[in-house]
Amino acid sequence: MEKLPLAVVVIPTYNEAGTIGEMVDTLCGKIFPKIKDWQCKLLVVDDTSPDGTYKIVQDKQKKYKNLELFLNPTKAGIGGAYIKGFRHAMNVLKADVLIEFDADFQHPPKDIPILLNEINAGYDYVLGSRKIKGGSNPKGWGFKRLFFSEAGGFVARFVLFFPGKNFFKITDPTTGLKASRVKGFVDTMDMDHLYSKRFGYKLEFLFKMVQLGAKVKEIPLQFGLRTKGESKIEPKTAKDIFRSVFLLRWNDPSTQKFIKFGCIGLFGFAINKIGLDIFAKALQGVINTIGIRNTIANALAAEISIVSNFTLNNLWTFKNEKLIWGKKLIQKFVTFNLSSVISGIVIPSLVIGAGTQIFGDSYRTLFLVVAVFFITVPLNWFVYNLVIWKRSPEKAGKGK
Ligand SMILES: Nc1nc2c(ncn2[C@@H]2O[C@H](COP(=O)(O)OP(=O)(O)O)[C@@H](O)[C@H]2O)c(=O)[nH]1
Ligand SMILES: [Mg+2]
């Protein structure tokens, strides 16, 4: 008979003596035996809780073979505890799937087989969501806690994923109920350099799993009210979430690229402006019709700024996809020129022309700004990424 894949439910605990015994009995005694297509283990990661949570677990280990305890000598924070637990589950227990779960019954134990079914269906990252149909927040939550939860979740989604498809797809980014596939995902994830060992780790795991290309699925979560023990959520949690998502976004290679692209674009604009003045002056005695003179002067200046944009982006922004001298570079440069003329001259001119025709000449600058920021910049960004400096498939697969 083939060996069943192993799912390890990881529960971090700090002063959960009031619930851990009942939780162990529920999972090891009732839920796990009903799951036929997975071998299940429960791993409690306790930071040597002063209330003796680990002693209850040690006692239960006499009864349940599939109950593991990772005892941490000092308080690690929820993220720190999960990292230690995940490593132990992968390296020592050889887990195929890791499930994040809380000790306090706010996550319904009956959801565990549902998470595993979605993994069976081919998903790599299954999240319990309070926001989709069938999911809910506890009835007893006051306005303040609800507000922080909603605002935190929205900011996290926005900063991490907007305007990508995951902004719409991942409705509850701060959820604590998750199942993650190990092979190709958690085992390749960098867990050594997390920005937060507290609550913010949840957003980092989420962001990294998505970058690794995990197929994500949400299941409804009816988040319960904590009946025993105290919530470990701290007033600093909101700050920790914001800090984590901003650092993730800022240090992401795509953000760094976008900043370089923006700087080079501004520099190109300056070259165009200075070049236009210089050429217009130089041609003064040569071409007498102002219109023709300025057209030629701007065409020359624009071409210099296009060459500068191409060269600098090639050497700096897209240095990992750098084009080297040869036929391909010339082809790409021609494409770049063409797209620059279309996105930087033809489209804005048409927008300004049409806009001022309809709304009047006083809107000229407004339409220039609209055209440049809402059409030229995004269009160039997409053309550069998807056409000119298109990543080779092997590199793209690594999510870097
Ligand atoms: N090991 C460990 N567990 C923690 C720590 N902080 C929180 N936990 C556990 O993480 C789980 C979720 O925490 P909880 O207080 O319920 O957060 P809330 O549901 O957001 O209020 C619980 O099982 C806690 O005992 C910590 O520093 N170390
Ligand atoms: Mg809780």
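User: Leaving aside neighbours within four places in sequence, which residues is F105 in contact with?

Analyst: Setting those sequence neighbours aside, F105 is in contact with T19, M23, G224 and T227. Do keep in mind that this is a predicted model.

User: Thanks! Where is F105 found?

Analyst: You'll find F105 in the loop between strand 4 and helix 4.

User: How far is F105 from L338?

Analyst: Their C-alpha atoms are separated by 61 Å, and the two residues are 233 residues apart along the chain.

User: Let's go on to helix 4. Which of its residues are buried?

Analyst: In helix 4, which covers residues 111-120, the buried ones are D111, I112, L115, L116 and I119. They cover an arc of only 140 degrees around the axis, so they sit on the same side of helix 4.

User: What do those buried residues pack against?

Analyst: Their partners are strand 1, helix 1 (20-34), strand 4, strand 5 (125-129), strand 6 (178-181) and strand 7 (216-220).

User: What follows helix 4?

Analyst: G122 does, and its phi is positive, near 110 degrees.

User: Switching to ligand 1: which residues come nearest?

Analyst: There are 20 residues around ligand 1, and P12, A81, A103, S231 and K232 come nearest. Strand 1 (6-13), strand 2 (39-46) and helix 3 (77-91) are the elements that give two or more residues to this shell.

User: How many of the shell residues are nonpolar, polar or charged?

Analyst: The shell around ligand 1 has nine nonpolar, four polar and seven charged residues.

User: You mentioned helix 3. Which of its residues are buried?

Analyst: The buried residues there are G77, I78, G79, G80, A81, Y82, I83, G85, F86 and A89. They pack against strand 1, strand 2, strand 3 (67-71), strand 4 (97-100) and helix 7 (201-211).

User: What span should helix 3 have?

Analyst: With 15 residues at 1.5 Å a residue, helix 3 should span 21 Å, and its end C-alpha atoms are 21 Å apart, which agrees.

User: Now the largest nonpolar core. Which residues touch the most other members?

Analyst: Of its 64 residues, those are V8, V9, V10, L43, V97, L98 and I99. Helix 7 supplies the largest share of this core, seven residues. There is also a second, separate core of 12 residues, which includes F261, A301, A302 and F310.

User: What does V8 touch?

Analyst: Not counting residues up to four places away in sequence, V8 touches K41, L43, A89, L93, A95, L98 and I99.

User: Next, W250. Where is its place, and is it buried or exposed?

Analyst: W250 has its place in helix 8 (residues 237-251). W250 is exposed, because there are 11 other C-beta atoms within 10 Å. The C-alpha atoms of W250 and V159 are separated by 9.5 Å, though these residues are 91 residues apart along the chain.

User: Last one: where does G355 lie, and what is it in contact with?

Analyst: G355 lies in helix 11 (residues 327-359). Leaving aside its neighbours within four places in sequence, G355 is in contact with Y363 and F367. G355 is partly exposed, with 18 other C-beta atoms within 10 Å.

User: And how far apart are G355 and R391?

Analyst: G355 and R391 are 37 Å apart in space, C-alpha to C-alpha, and 36 residues apart in sequence.

Note on methods
Residues are numbered from 1 along each chain as its sequence is written. Chains are lettered from A and ligands numbered from 1 in the order in which they are written. This is a predicted model: local features need pLDDT of at least 70, side-chain atom pairs count only at pLDDT 80 or more; totals for chains, interfaces and linings use all residues. A residue is near a molecule or strand if its C-beta atom, placed from the backbone, lies within 6 Å of it. Helices (H or I, at least four residues) and strands (E, at least two) are DSSP runs, numbered from the N terminus. Ala, Val, Leu, Ile, Met, Phe, Trp, Tyr, Cys and Pro count as nonpolar, Asp, Glu, Lys and Arg as charged, and the others, Gly among them, as polar. The expected span of a helix is 1.5 Å times one less than its number of residues. A residue is buried if 20 or more other C-beta atoms lie within 10 Å of its own, exposed if 12 or fewer, and partly exposed in between; C-beta atoms are placed from the backbone. Two residues are in contact if their C-beta atoms, placed from the backbone, lie within 7 Å. The arc is that of the directions from the helix axis to the C-beta atoms. A nonpolar core is a set of buried Ala, Val, Leu, Ile, Met, Phe, Trp, Tyr and Cys residues joined through C-beta atoms within 7 Å.
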